[in-house]
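Good morning, and thank you for joining.

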Amino acid sequence: MDLNVTLHLGKYRRYLWEKPNLLVVLGDFPEVVVSKKLYEERHGISEVAGDERETLERIMAAACLAAVSLAQRESWGWTLTLPDSPHGFFCGVEPEGMICGTVKEAPRERGSVHLHRQKADGPFMESHYAPESEDPVAAVLRYFEQVEQIRTRMALDPDGSGVLVQALPEGDFGRVADLADREMISLCRQKAQDGEFKPLQEVLMFYECRCDDKMILDMITTLPDAAREELWGDEKELNIECPRCARKYVLTR
């Protein structure tokens with residue numbers, strides 16, 4: 001990451017709603033979108049257009065809430081193909097608050113979600129499940145329902161800001177279970193503003209990718225000899241695209 005770059009930071013706050021014993025995460029996403037645009041301009045990355053951009057940004061917004069819900073920071077890598085979509089999506093979240101994402105072509109088939117999780121110096125964990133709809137937020141939320149089996153709700157504003165509410169042990173999820181999304185967002189924001197939640201942590205989210213020249217070079221040089229020779233062929237240069245953020249690199253043989 002270029003330390004001379006001015007960061008636009010989205011503020012995410014994790015709270016305890018004590019009486020019903022619920023975890024609440026409130027997040028402001030627009031600054032993350034600004035930092036994404038600046039990152040793409042800085043590295044000459046073509047902006048994703050139309051519906052694909054909106055879907056990617058909603059995946060990222062939901063992934064921010066999901067990541068901040070953790071008491072201990074982790075690396076998360078989401079790979080999603082939504083039902084009947086010709087595109088696949090990747091979103092990576094790092095412990096220090098970095099998030100990135102990209103869009104790839106994908107075959108039209110039944111949707112799937114792969115999630116890779118890893119704590120610092122911890123084991124690599126992988127989860128796989130099928131989304132139930134084309135809603136990108138629901139696809140992220142389903143992880144908690146399907147894999148973790150923790151009652152969780154997530155709702156976003158049109159700009160990507162929003163709330164995650166999760167039941168803790170013996171928590172009273174009925175406090176939010178029947179609320180409309182807009183009602184749940186308004187309720188949680190008001191209670192946070194009125195000091196009715198116990199603050200637990202603030203995390204600053206921003207768009208950046210961990211890729212750099214060394215990472216891309218290592219990705220190539222660690223390939224088996226035969227695969228590396230096949231990749232190079234007779235070329236003197238290789239144009240490599242980061243699979244996480246679509247930043248382009250040129251390697252000289």
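I shall go from the overall fold to a few individual residues.

This is a predicted model, in which local features need pLDDT of at least 70 and side-chain atom pairs count only at pLDDT 80 or more, while totals for chains, interfaces and linings use all residues. Residues are numbered from 1 along each chain as its sequence is written, and side-chain values use heavy atoms, with hydrogens and water left out.

The protein has 7 helices and 12 strands; helices (H or I, at least four residues) and strands (E, at least two) are DSSP runs, numbered from the N terminus. Its C-alpha atoms fill a box of roughly 65 × 45 × 40 Å along the principal axes.

Of the 253 residues, 47% are buried. Buried means under 20% relative accessible area, exposed over 50%, and partly exposed in between, with a 1.4 Å probe and protein chains only. Among contacts (heavy atoms within 4.5 Å) between residues at least 6 apart in sequence, 59% join residues at least 24 apart.

Which residues other than glycine deserve a look for their positive phi? As background, most residues other than glycine have a negative phi. Glu170 has a positive phi of about 60 degrees and lies in the loop between strand S9 (162-167) and helix H4 (174-177). With 84% relative accessibility, Glu170 is exposed. Ala246 has a positive phi of about 75 degrees and sits in the loop between strand S11 (237-241) and strand S12 (248-252). Ala246, in turn, is buried, at a relative accessible area of 11%.

Let me turn to the cysteines. How many disulfides does a search of the whole structure find? The search finds 0, a disulfide being a pair of cysteine sulfur atoms within 2.5 Å. The cysteine sulfur closest to that of Cys209 belongs to Cys211, and because the distance is 3.6 Å, the two are too far apart for a bond. Cys209 is buried at 2% relative accessibility, and Cys211 is buried at 3%.

Finally, strand S10 (residues 198-207) contains Leu204, which is partly exposed at 31% relative accessibility.
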